[in-house]
Amino acid sequence: MRGKAQMIKFRFGKDLDIIKLKGGVINDPKKELKRIQKIQRLFETEENVEAVGQCYSCGSPRRNNVIHAKVAYAECESCGLVYATRRIKAEVIKEFYRTNKAYSSTYTSKQTAQERLNDVFRPKVQHVLDLHDQTYFPIEAMWLDIGAGGGHAVKCALDAKCMADGVEPNVESRRFALKTWGIKLMPKMPDDGYYEIISLFGVLEHVIDPIGLLKSAREFMMDDSAMVIQVPNYDSHTTNLQKTHPEFITRHAEPTCHLMLFTLPSLKIMLDKVGLKLYSVWHLGLDMYEEALHNYFLHKIPMKKSLKDFNKLQQPINEMGMGDDLLVTAVRK
Ligand SMILES: [Zn+2]
């Protein structure tokens, strides 16, 4: 991979069965809103909360508020990273992630486990392996998934004949992975070793030291290794919806869990800081699902009705680079 194509490879969207994947929320959106609002009450206890004085990526304190969610999100004037200006303290959130079943339920629900495996994770794992197949990268790769959740990505990597390890601090998620897939996830990063693929699916936006995490993840890379990173995209249709109606936020600009939202340029800057460069970009997202949520909360339109043409309507959004998710691969500079 290294020293080969310099052009970034782009991909746009993928069809999915949104009704199967988000069935629980679609049947009872109010319950989901209440669940999130309950988590957001952590912000109401002053000793749980700390101010975020500077950008997580470049350290600049200069910024402008852009989304008025439960907590305001601001855009860094210097690098364009968007971040919540207040956050739940590390020890509070750590304990919360470690013990809170309500939060990890998205990732550990039995009903949706197979859908998440087949609809969400298998295409991502295959996407990465396909990219590598076009180069001299070995197909039976050593894969490390950091922030492995319920072990879905590790399971898919194993199914694809990779050797795969996963790191997951949440005890419930580790139990789920063991019970459901027979996979033993590690509670913390291995002391040393090398991997050909290191993935961070939906992880960077949750951590208070994304640069530190990327640096330590990079330590596991060889010359030809790739890092796979999925983060929420600020430059998205979902962001526009949430700016307009922040009272309905259940995901994306949700400050208890998403400390930051990325743009493609701000992600590039962060990668550059840790000695990585972009190899590929996949624009995808659930913006039309977000719109269906808004249609429900604003106009009482059943979500199933709004989601009838989900894939057809989502695809042009992805093609404009406005999907609410970015999945990139990066290699060493
Ligand atoms: Zn910045």
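Modeller: Keep in mind that this is a predicted model. Start with a bridge pair: Val 281 has Val 328 in S13 as its bridge partner. That pair belongs to strands S12 (residues 276-284) and S13 (residues 325-332), which run antiparallel and share eight bridges. In general, strands of a sheet pair through backbone hydrogen bonds, either parallel or antiparallel.

Now widen the view. S12 and S13 sit in an open sheet of seven strands, ordered S1-S12-S13-S10-S9-S7-S8. The pairing in this sheet is mixed. Strands S1 (9-12) and S8 (163-167) are at the edges; each has a single partner strand, so one side of each lacks a neighbour in the sheet. On average, neighbouring strands are turned by 20 degrees against each other, direction ignored.

Next, move to the S8 end. Helix H7 (residues 152-159) lies across strands S7 (142-146), S8 and S9 (195-201). Its direction is about 175 degrees to S8. Six of the eight residues of H7 are buried, so this helix is largely enclosed by the rest of the structure. The buried residues are His 152, Ala 153, Val 154, Lys 155, Cys 156 and Ala 157. Just after H7, Lys 161 has a positive phi of about 70 degrees.

Finally, look at two other helices. The axes of H12 (residues 287-299) and H14 (residues 310-319) come within 8 Å and cross at roughly 120 degrees. H12 brings Asp 287, Met 288 and Tyr 289 to the contact, while H14 brings Phe 310, Leu 313, Gln 314 and Ile 317. Five of these residues are nonpolar, one is polar and one is charged.

Key:
Residues are numbered from 1 along each chain as its sequence is written. This is a predicted model: local features need pLDDT of at least 70, side-chain atom pairs count only at pLDDT 80 or more; totals for chains, interfaces and linings use all residues. Two strands pair if DSSP finds at least two bridges between them. Helices (H or I, at least four residues) and strands (E, at least two) are DSSP runs, numbered from the N terminus. Axes are lines fitted to C-alpha atoms, for helices over the stretch in contact, and angles run from 0 to 180 degrees between N-to-C directions. Two residues are in contact if their C-beta atoms, placed from the backbone, lie within 7 Å. A residue is buried if 20 or more other C-beta atoms lie within 10 Å of its own, exposed if 12 or fewer, and partly exposed in between; C-beta atoms are placed from the backbone. Ala, Val, Leu, Ile, Met, Phe, Trp, Tyr, Cys and Pro count as nonpolar, Asp, Glu, Lys and Arg as charged, and the others, Gly among them, as polar.
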